[in-house]
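Hi,

Here is the structure I promised to pass on.

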Amino acid sequence: MSSAESRTNATTLPIILALALAFTVTVVDPLVLSLNLPQVSRALRVPPQVVGLLGGAATLVMATSVLAAGRLGDSVGLKRLLVLGLVVVTVADLLSVLSPGYGFLLAMRFLAGLGMTALLAVPLALLKVSVAPERRPVAIGVLMAVDVILCGVIPTFTGWAVTAVGWRFLFLIAPLLCLVSLWLTVRYIPESPVQQGRRLDVVGVTLIGATLLALVVGLAAAQNGILRPETWVPLLISTAVAVLFVLHARRTPEPALDLALFRSAPFSVALAATLTLNFLIAGLGIVLGQFGSVVLSLSPESIGLLYLPGTLLIAGAVILAGSLIGKYTPRPVMVTGLLVMAASGLLLAGTAGPTMAVWLLVPTTWLCNLGSVVTSASVSETVLSQAPPGRSGTVASVQMAFAMTGAAFGPTVYVLLLDFFFRRQWLVDAKSRGLSVARAGRAVDAVRSGLAQSPGSTVYDSNLLRQASGLDLGLDFAHGLRLTMVIVSILPLVVAVLALLLMPRRKEPTV
């Protein structure tokens with residue numbers, strides 16, 4: 001290796017670490033709050049109707065504003081925007097440590113979400129402009145590996161720390177990561193070219209945010225009935241606003257989301273893949289939370305530990321995936337990652353049961369995480385390769401917008417499917433036992449009310465699910481879970497087929 005190459009490697013590693021730490025904050029910060037939300041809720045006496053908003057406030061802000069952040073980064077400088085985002089998240093989380101009540105904490109979560117929007121939209125774009133194209137796939141793999149290791153270790157450590165010193169410790173994690181990233185960013189990352197005179201499509205960003213918000217609200221209400229106004233009115237509004245955005249984008253010279261990008265088949269497949277992987281990852285969290293705690297009586301700490309085994313193997317696999325992408329194309333890596341995620345869902349579908357061994361959840365979780373990061377590495381390289389000069393932030397933010405959309409839809413759709421199949425199973429159970437629908441429904445509602453008495457408590461009566469008028473609700477829920485996992489596992493299989501058919505089979509020759 002020449003001295004020039006050695007200097008390049010020495011400079012590239014700090015750049016990758018700085019961007020990896022910034023990107024990890026967008027995952028770890030909302031995750032550790034979600035895992036410890038019951039403790040926060042009890043300490044600050046958060047009303048039940050506000051708990052969900054408190055847990056998802058930062059993610060909601062990121063989902064609705066990430067496209068604007070990408071465009072802003074291209075206009076004012078990607079490095080400058082990243083530094084600003086790191087400072088905002090640090091200040092917001094340090095103030096959150098001092099929260100006197102849930103109202104103040106909720107305001108800080110919205111502010112932190114605004115800062116994390118920059119941390120979500122900018123790192124991959126800066127990677128494109130800071131790392132040579134031939135080294136970029138491996139750099140993406142290393143970035144994902146750092147993210148995987150930290151996301152595997154930090155939630156487990158945080159759970160123990162919260163038990164020892166209290167919930168306020170949660171909001172010291174992100175500032176620590178941000179400060180290290182900030183120092184590395186200022187010292188090692190060069191500023192990207194700035195495109196003067198570019199306008200921010202405020203109308204387009206607003207229409208996209210309104211579309212996603214109305215769609216999530218409608219899907220969430222669907223579990224109470226498809227024909228209820230609370231369901232179809234938001235879905236109708238979402239459709240109408242989406243049509244308005246398309247019409248607006250066709251008339252605007254610089255729209256928030258350039259529809260011309262979707263003329264590229266690889267770009268469209270990559271976005272479908274990123275939406276799918278985030279949908280499945282977010283949905284698996286809901287499955288592990290509901291099935292693990294209610295049916296298998298696992299504590300939150302035990303559920304968090306499911307993510308830890310195999311973390312180093314996943315990190316090594318994603319670095320290898322980056323090397324393979326650089327040597328060949330993203331196509332085989334993307335197909336493999338999607339198939340692994342489908343295998344994870346089908347494994348859970350084949351093993352779920354009220355008396356299943358807990359260790360069976362480990363390979364399910366491991367395969368889903370492995371498939372997601374491998375797929376994500378191939379997606380990132382595909383998307384970044386489509387970015388025209390000076391528009392890296394804009395194009396990278398499109399990928400993140402689809403990722404956040406998948407993450408927002410995952411829990412909602414999974415809960416909808418679980419409720420639908422669970423209801424179908426306990427109705428069959430009641431019929432086989434000669435129980436009326438009304439009596440069985442009252443029994444199910446009684447069980448749900450009993451479990452909701454102490455939100456976040458892990459002390460459940462292990463026989464509660466079997467004492468509802470003779471119904472075996474644990475078995476019924478397991479059957480519903482199996483059907484749900486079969487249905488959602490079809491999605492990565494479909495996208496894998498599209499990738500196989502539409503992605504380039506060979507590397508494009510470089511000029």
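This is a predicted model: local features need pLDDT of at least 70, side-chain atom pairs count only at pLDDT 80 or more; totals for chains, interfaces and linings use all residues.

**The cavity**

Searching the whole structure for cavities of 30 Å³ or more turns up 1. The largest cavity has about 80 Å³ of space in it. Which helices each supply at least two residues of its lining? They are α11 (265-295), α14 (330-351) and α18 (473-502). If you want to find the spot on your screen, pick out some of the lining residues, including Leu-280, Met-341, Cys-368, Tyr-414 and Met-485. Gly-283, Gly-345 and Ser-489 are also among those that line the cavity. Sorted by class, the lining comes to 7 nonpolar and 4 polar residues, with no charged ones.

**The aromatic rings**

There are 6 aromatic pairs in the structure. Take Phe-262 and Phe-267: their planes sit at 75 degrees with the ring centres 5.7 Å apart, and since an angle over 60 degrees counts as edge-to-face, that is what this pair is. How accessible are the two partners? Phe-267 has a relative accessible area of 0%, so it is buried. Phe-262 comes out at 29%, so it counts as partly exposed.

Phe-420 and Phe-421 make another edge-to-face pair, with 5.2 Å from centre to centre and 70 degrees between the planes. Here Phe-420 counts as exposed because its relative accessibility is 52%, while Phe-421, at 10%, counts as buried.

**Helix α13**

Now follow α13, which runs over residues 311-327 and has 17 residues. From its first C-alpha to its last, α13 reaches 25 Å, close to the 24 Å expected at 1.5 Å a residue.

Which residues of α13 are buried? They are Thr-311, Ile-314, Ala-315, Val-318, Ala-321, Gly-322 and Ile-325. These residues cover an arc of only 115 degrees around the axis, so they lie on the same side of α13. The spacing is worth a thought: an α-helix has 3.6 residues a turn, so residues three or four places apart point the same way.

And what does the face turned away from the buried side of α13 carry? That face has the exposed residues Leu-312, Leu-313, Leu-320 and Lys-327.

Cheers

Notes
Residues are numbered from 1 along each chain as its sequence is written. Side-chain values use heavy atoms; hydrogens and water are left out. On a 1 Å grid over the protein atoms alone, a cavity is a set of points where a 1.4 Å probe fits but cannot get out, and a pocket is an open set with protein on both sides within 12 Å along at least five of seven lines; lining residues have an atom within 4 Å of a point. Grid points are joined across faces, edges and corners, and a volume is the space filled by probe spheres set on the points. Helices (H or I, at least four residues) and strands (E, at least two) are DSSP runs, numbered from the N terminus. Ala, Val, Leu, Ile, Met, Phe, Trp, Tyr, Cys and Pro count as nonpolar, Asp, Glu, Lys and Arg as charged, and the others, Gly among them, as polar. Rings of Phe, Tyr and Trp (its six-membered ring) pair if their centres lie within 6.5 Å; planes under 30 degrees apart count as stacked, over 60 as edge-to-face and the rest as tilted. Buried means under 20% relative accessible area, exposed over 50%, partly exposed in between (1.4 Å probe, protein chains only). The expected span of a helix is 1.5 Å times one less than its number of residues. The arc is that of the directions from the helix axis to the C-beta atoms.
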